[in-house]
Amino acid sequence: MANQAKLQLIASMVIFGTIGIFVRYIPLPSSCIAVVRGFVGALFVLLFLSLKKSKPDKKAIRKNFVMLALSGIFIGINWILLFESYNYTTVATATLCYYMQPIFVILASPFLLKEKLTAKKVICVLVALVGMVFVSGVVQTGIPALSEAKGILYGLGAAFFYASVVLMNQKIREISAYDKTIVQLGAGAIVLLPYVLLTQDMGAVRSALSPFVLFMLLFVGIVHTGVAYALYFGSMKDLKAQTIAIFSYIDPIVAIVLSALLLKESMGIYGVIGAVLVLGSTCVSELPEKEKT
């Protein structure tokens with residue numbers, strides 16, 4: 001069972017790592033993509049549960065509804081910022097900025113979760129920050145151009161909101177991962193829908209909905225959200241949290257490799273050094289501490 005769960009987890013991480021490639025070919029505002037992803041993903045997970053002859057636990061959902069809804073809103077904002085980041089910088093850089101999320105969690109956990117902040121984790125935070133300096137391009141070119149800087153800030157903003165979701169999920173108890181996902185995705189989409197209707201030219205959006213764009217939207221909603229989350233949460237019951245945390249870094253590695261191969265996005269030697277520092281430090285920070293004897 002453990003090997004099958006690992007394969008499921010690896011598959012979900014690979015799928016998550018390819019989303020930036022697909023979003024690049026959807027000529028719609030980030031908020032529109034986020035709304036579709038939320039609705040389609042939630043419906044898919046709901047269908048997945050029905051096929052398993054399982055129903056959402058309404059009592060558990062009601063008990064945690066406020067926190068679920070708020071975390072769902074944060075998920076929607078997180079998606080918008082991440083997709084905007086793809087528009088202003090490379091997929092590789094945006095993904096690396098996004099994977100500052102574990103660092104934010106580490107820094108916040110002593111205050112919000114009463115977890116001990118060890119010397120190792122402090123060092124990992126500092127190393128990751130140095131890595132971000134390399135990735136940003138400051139070392140070789142000075143202050144990045146406005147568009148590149150906006151992409152980096154959007155990516156870091158997405159990481160902040162994702163970290164907030166992770167921390168909030170620690171407070172949500174006695175509810176299945178699938179029920180949690182349905183409510184969070186649905187809540188994010190519902191809250192973002194009025195924003196989209198008020199801020200976007202729906203006529204222009206409709207004119208952009210070619211068969212290809214519709215296919216890409218459904219693909220991102222079903223595969224990158226529904227299937228990926230089903231695989232991800234389905235793997236959790238048979239794996240240790242530490243294993244899940246370490247395997248999660250497959251996602252940015254896939255994104256970086258594909259952005260170089262398919263989008264011809266070159267990071268340069270400093271970008272590669274920064275990537276190693278960011279991914280290496282965040283991975284090391286998740287390794288268990290040795291017990292003192």
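The following questions and answers concern a predicted model of one protein chain.

It is a predicted model, in which local features need pLDDT of at least 70 and side-chain atom pairs count only at pLDDT 80 or more, while totals for chains, interfaces and linings use all residues. Residues are numbered from 1 along each chain as its sequence is written, and side-chain values use heavy atoms, with hydrogens and water left out.

Colleague: Which helix of the protein chain has the lowest mean pLDDT?

Modeller: pLDDT is the predictor's confidence in each residue, from 0 to 100. The protein chain averages 83, and 92% of the residues score at least 70. Helix α12 (residues 202-207) has the highest mean among the elements, 91. The lowest, at 65, belongs to helix α9 (residues 138-141).

Colleague: How many helices and how many strands does the protein chain have?

Modeller: Both are DSSP runs numbered from the N terminus: helices are H or I with at least four residues, strands are E with at least two. By that count the protein chain has 16 helices and zero strands.

Colleague: What is the radius of gyration of the protein chain?

Modeller: The radius is taken over C-alpha atoms, and the globule rule is 2.2 Å times the number of residues to the power 0.38. For 293 residues that rule gives 19 Å, and the chain is close to it, so it is as compact as a globular protein of that length. The computed radius of gyration is 19 Å.

Colleague: Is Lys 53 buried or exposed?

Modeller: Buried means under 20% relative accessible area, exposed over 50%, and partly exposed in between (1.4 Å probe, protein chains only). Lys 53 lies in the loop between α3 (30-51) and α4 (58-63), and has a positive phi of about 60° although it is not a glycine. With a relative accessible area of 79%, Lys 53 is exposed.

Colleague: How many residues of helix α6 are buried?

Modeller: Of the 293 residues of the protein chain, 48% count as buried. In α6 (residues 91-98), the buried residues include Val 91, Leu 96, Cys 97 and Tyr 98. The helix is largely enclosed by the rest of the structure, because its buried residues number eight of the eight.

Colleague: Which residues does Leu 231 touch, not counting residues up to four places away in sequence?

Modeller: Leu 231 is found in helix α13 (residues 211-236) and, at 22% relative accessibility, counts as partly exposed. Contact means heavy atoms within 4.5 Å. On that basis Leu 231 touches Gln 8, Ala 11, Ser 12 and Ile 15.
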